[in-house]
Amino acid sequence: MNYTHGSLENEILKAIWQIEDKEENDVSVTEIQELINKSSKTDRAYTTVKTVMDRLVEKNMLVRYKQGKKFLYKSVSSRDEMAQKAIKKLMGQYFNNDVRSLMKALEKEYQLV
């Protein structure tokens, strides 16, 4: 699973998790487009949102299936699961899998001490 994604991909993932947190239903492109357009300064076209969601399917971050005439999408991992995996990858790439080094960097950056 590729955990690298752009800002629109991140917006879409957040919107999907927001809907999934409220209801158990899978989501359509239209639902996501409406949600991100409400909270964004930029109106995203349906085709743009669908293209990015399909890219997230290719990256194994979403699954897609057809119901009737439309496609529905569902996240592969919850927000927490994806965050944990991203932190582990970050820790491996930059901190040699040393959690103490990661914590020191976070404490320094956010003055947590």
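**Figure 1. Arg-44 counts as partly exposed, with a relative accessibility of 24%.** In this legend and those that follow, buried denotes a relative accessible area under 20%, exposed denotes over 50%, and partly exposed denotes values in between, computed with a 1.4 Å probe on protein chains only. The model is predicted: local features need pLDDT of at least 70 and side-chain atom pairs count only at pLDDT 80 or more, whereas totals for chains, interfaces and linings use all residues. Residues are numbered from 1 along each chain as its sequence is written, and side-chain values use heavy atoms, with hydrogens and water left out. Arg-44 is joined to Glu-11 by a salt bridge, with 4.0 Å between the closest N and O atoms. Glu-11 belongs to helix α1 and Arg-44 to the loop between α2 and α3, so the pair links distant parts of the chain, 33 residues apart. A salt bridge here is a side-chain nitrogen of Lys or Arg within 4 Å of a carboxyl oxygen of Asp or Glu. Helices (H or I, at least four residues) and strands (E, at least two) are DSSP runs numbered from the N terminus. Glu-11 is likewise partly exposed, its relative accessible area being 25%.

**Figure 2. A salt bridge connects Glu-9 with Lys-59.** The structure holds five salt bridges. In the pair shown, the closest N and O atoms are 3.1 Å apart. Because Glu-9 lies in helix α1 and Lys-59 in the loop between α3 (46-58) and β1 (62-67), the pair ties together parts that are 50 residues apart in sequence. Glu-9 is buried, with a relative accessible area of 6%.

**Figure 3. The side chains of Arg-79 and Asp-21 form a salt bridge.** The N to O distance is 3.7 Å. Arg-79 is in helix α4 and Asp-21 in helix α1, so this pair ties together parts that are 58 residues apart in sequence. Arg-79 is partly exposed at 36% relative accessibility, whereas Asp-21 is exposed, with a relative accessible area of 62%.

**Figure 4. Helices α4 and α5 pack against each other at an angle of about 95°.** Helix α4 comprises residues 79-95, and its axis is 9 Å from that of α5. Axes are lines fitted to C-alpha atoms, for helices over the stretch in contact, and angles run from 0 to 180 degrees between N-to-C directions. Angles under 35 degrees count as roughly parallel, over 145 as roughly antiparallel, 65 to 115 as roughly perpendicular, and the rest as oblique. The two helices, α4 and α5, are therefore roughly perpendicular to each other. Helix α4 makes the contact through Ile-87, Leu-90, Met-91 and Phe-95, and α5 through Val-99, Ser-101, Leu-102 and Ala-105. Contact means heavy atoms within 4.5 Å. Apart from neighbours within four places in sequence, Phe-95 is in contact with Leu-90, Ser-101, Leu-102 and Ala-105. Phe-95 and Gln-84 are eleven residues apart along the chain, and their C-alpha atoms are separated by 15 Å.

**Figure 5. Val-99, Met-103, Leu-106 and Tyr-110 make a nonpolar surface patch.** The area of the patch is about 380 Å². Patches are made of residues with over 30% relative accessible area and no salt bridge, joining like charges within 9 Å and nonpolar side chains (Val, Leu, Ile, Met, Phe, Trp, Tyr) within 5 Å. Accessible areas come from the Shrake-Rupley method with a 1.4 Å probe, and for residues only the protein chains shown count as cover. Val-99 lies in helix α5 (residues 99-110) and is partly exposed at 46% relative accessibility.

**Figure 6. Asn-96 and Asn-97 have positive phi values.** Most residues other than glycine have a negative phi. Phi is near 50° for Asn-96 and about 60° for Asn-97. Asn-96 is exposed at 71% relative accessibility, and Asn-97 is exposed with a relative accessible area of 54%. Arg-55, in helix α3, is 42 residues from Asn-97 in sequence and 29 Å from Asn-97 in space, C-alpha to C-alpha.

**Figure 7. Ser-28 is buried in the loop between α1 (7-22) and α2 (29-39).** The relative accessible area of Ser-28 is 6%. Neighbours within four places in sequence aside, Ser-28 is in contact with Lys-70, Phe-71 and Leu-72.
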